[in-house]
Amino acid sequence: SAELPAGPPGLTIASTVGLPRPVAFAVTVPAEIRARVGRQWKLCGLAWIAPSQRCSFTLADSIDRFLRDHPVGRFTDNTVRSMLEPLRCPRLAARAAPDSAAADSLAGACNTR
C-alpha cells in the first residue's frame, strides 16, 4: 500500500483503518488519498464510501434545485465556485457513461481519477 500523507490527513486516515465502522471521504478528497487506505470506493451523493456499504443518499433533487437557483457559473469568486462545484457530483454520477463528457466533468469535480 502507498505511504500515507504526513500530518493530520495521514493521521486521520491511519486512525480509521481496521476499525469496525464505515469510512467515508468527501467528494473533494483526491483519489490518490482514498487509494492509500487500500480500498475501492463508490460515489454516494457527496461522499465516497466502501462498495460494501449501502448508499441511502436521497437529496439529489434538493441539490439540483439549489444549483438551479444558485448556478456555479454566476459566481466570480473562485472560492465560492470551488465550494459549489462538488454539489454537482450526484447528478453527474447519475448520467455519466464511460468515455463521455459527463464522465470527464465527474472526474474533475468529484475526484474520480
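## Terms and basis of the model

A residue is called buried when its relative accessible area is under 20%, exposed when that area is over 50%, and partly exposed in between (1.4 Å probe, protein chains only). By this definition D64 is buried, with a relative accessible area of 16%.

The structure is a predicted model, in which local features need pLDDT of at least 70, side-chain atom pairs count only at pLDDT 80 or more, and totals for chains, interfaces and linings use all residues. Residues are numbered from 1 along each chain as its sequence is written, and side-chain values use heavy atoms, with hydrogens and water left out.

## The disulfide

A disulfide is a covalent bond between the sulfur atoms of two cysteines. Here the term is applied to a pair of cysteine sulfur atoms within 2.5 Å, and the count by this rule is 1 disulfide. The bond joins C44 to C55, with an S to S distance of 2.1 Å. The angle about the S-S bond is 85 degrees, and the link of C44 and C55 is right-handed.

Helices (H or I, at least four residues) and strands (E, at least two) are DSSP runs, numbered from the N terminus. C44 counts as buried at 11% relative accessibility, whereas C55, at 33%, counts as partly exposed.

Side chains of opposite charge can pair when their charged atoms come close. A salt bridge is defined as a side-chain nitrogen of Lys or Arg within 4 Å of a carboxyl oxygen of Asp or Glu. The whole structure contains 3 salt bridges.

One of them pairs D61 with R91, whose closest N and O atoms are 3.3 Å apart. D61 lies in helix α3 and R91 in helix α5 (residues 89-95), so this contact ties together parts that are 30 residues apart in sequence. R91 also meets D64 in a salt bridge of 2.4 Å, N to O. This second pair links distant parts of the chain, since R91 is in helix α5 and D64 in helix α3, 27 residues apart. R91 counts as partly exposed, at 29% relative accessibility.

## The pair E85 and R88

Another salt bridge is formed by E85 and R88, with the closest N and O atoms 2.2 Å apart. E85 is partly exposed at 24% relative accessibility, and R88 is partly exposed at 27%. Salt bridges that share partners join D61, D64 and R91 into one network.
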